[in-house]
Amino acid sequence: MIQIKNQQLLEVLHFLDALALSPKPSRVRTKLMQKVQQKIEELYRDELELLEQYGKKNEQGKLVEEDGSYPLIEATATEYHKEKRELLAELATLDVGEFQDNFSFLIEALENIDTKFSGQEATTLDFILNFLEKESEEK
């Protein structure tokens, strides 16, 4: 089981998606990305629930959308932001047991990749390698 904060899910997905990998590590990466994508979809549903509770609605009871965002009810906006921060700080648990034995292929590929990383990409790479290595050791 891998645990990732909700706020890191998109970073991990985008980083993994941008990598050019050979077939074996690419298959592991794809399976991991599918698990991350499932958690992103869950997070999206949870965020919509918050908006249903704290967002402005029209006469039909539907959320009002303005330029791709949803305005909040001013009286409860602070509570919305507090709950959203808590939601983003929660840990998403990814069940990776079915392909955990193949993490070594992805770890090796990431450790030997020709691409140079800096800044946020380097931090994301380190984060991914840490959780992959931890899961490999625990199997």
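View 1. Leaving out neighbours within four places in sequence, K35 is in contact with L94, D95, E98 and F99. Contact means heavy atoms within 4.5 Å. K35 sits in helix α2. Helices (H or I, at least four residues) and strands (E, at least two) are DSSP runs, numbered from the N terminus. K35 counts as buried, at 17% relative accessibility. Buried means under 20% relative accessible area, exposed over 50%, and partly exposed in between, with a 1.4 Å probe and protein chains only. Y70 is 35 residues from K35 along the chain, and their C-alpha atoms are separated by 28 Å.

This is a predicted model: local features need pLDDT of at least 70, side-chain atom pairs count only at pLDDT 80 or more, and totals for chains, interfaces and linings use all residues. Residues are numbered from 1 along each chain as its sequence is written, and side-chain values use heavy atoms, with hydrogens and water left out.

**View 2. The whole protein.** The protein has five helices and two strands. Along the sequence they follow the pattern β-α-α-α-β-α-α. The radius of gyration is 18 Å, well over the 14 Å that the globule rule gives for 139 residues, so the protein is more spread out than a compact globule. That radius is taken over C-alpha atoms, and the globule rule is 2.2 Å times the number of residues to the power 0.38. Along the principal axes, the C-alpha atoms fill a box of roughly 55 × 30 × 25 Å. Of the 139 residues, 37% count as buried. Take the contacts with a separation of 6 or more: residues 24 or more positions apart account for 73% of them.

**View 3. Surface and charges.** The protein exposes about 8800 Å², and carbon and sulfur atoms supply 46% of this area. Accessible areas come from the Shrake-Rupley method with a 1.4 Å probe; for residues, only the protein chains shown count as cover. There are 17 positive and 29 negative charges, and their mean positions are 3 Å apart. Lys and Arg count as positive and Asp and Glu as negative, while His and the chain ends are not counted. Each charge is placed at NZ of Lys, CZ of Arg, CG of Asp or CD of Glu.

**View 4. Aromatic pairs.** The structure holds four aromatic pairs. Rings of Phe, Tyr and Trp (its six-membered ring) pair if their centres lie within 6.5 Å; planes under 30 degrees apart count as stacked, over 60 as edge-to-face and the rest as tilted. One of the pairs is F15 with F117. Their ring centres are 5.2 Å apart and their planes are at 45°, so this pair is tilted. F15 lies in helix α1 (residues 9-18) and F117 in the loop between α4 (103-111) and α5 (119-138), so the pair ties together parts that are 102 residues apart in sequence. F15 is buried, with a relative accessible area of 7%.

Another pair is F127 with F131. Here the ring centres are 5.3 Å apart and the planes are at 75°, so the pair is edge-to-face. Both residues lie in helix α5, four residues apart, about one turn of the helix. F127 counts as partly exposed, at 24% relative accessibility. F131 counts as buried, at 8%.

**View 5. D67 in a loop.** D67 lies in the loop between α2 (23-54) and α3 (77-89). Its phi is positive, about 55°, although D67 is not a glycine. Most residues other than glycine have a negative phi. D67 counts as exposed, at 85% relative accessibility.

**View 6. L51 and its contacts.** L51 belongs to helix α2. L51 is buried, with a relative accessible area of 10%. Not counting residues up to four places away in sequence, L51 touches L63, Y70, L72 and Y80. Y70 is 19 residues from L51 in sequence, and their C-alpha atoms are 7.4 Å apart.

View 7. V28 counts as buried, at 4% relative accessibility. Q38 counts as partly exposed, at 43%. V28 touches F99, N102, F103, F105 and L106, not counting residues up to four places away in sequence. D114 is 86 residues from V28 in sequence and 19 Å away in space, C-alpha to C-alpha. Q38 and F127 are 89 residues apart along the chain, with their C-alpha atoms separated by 19 Å.
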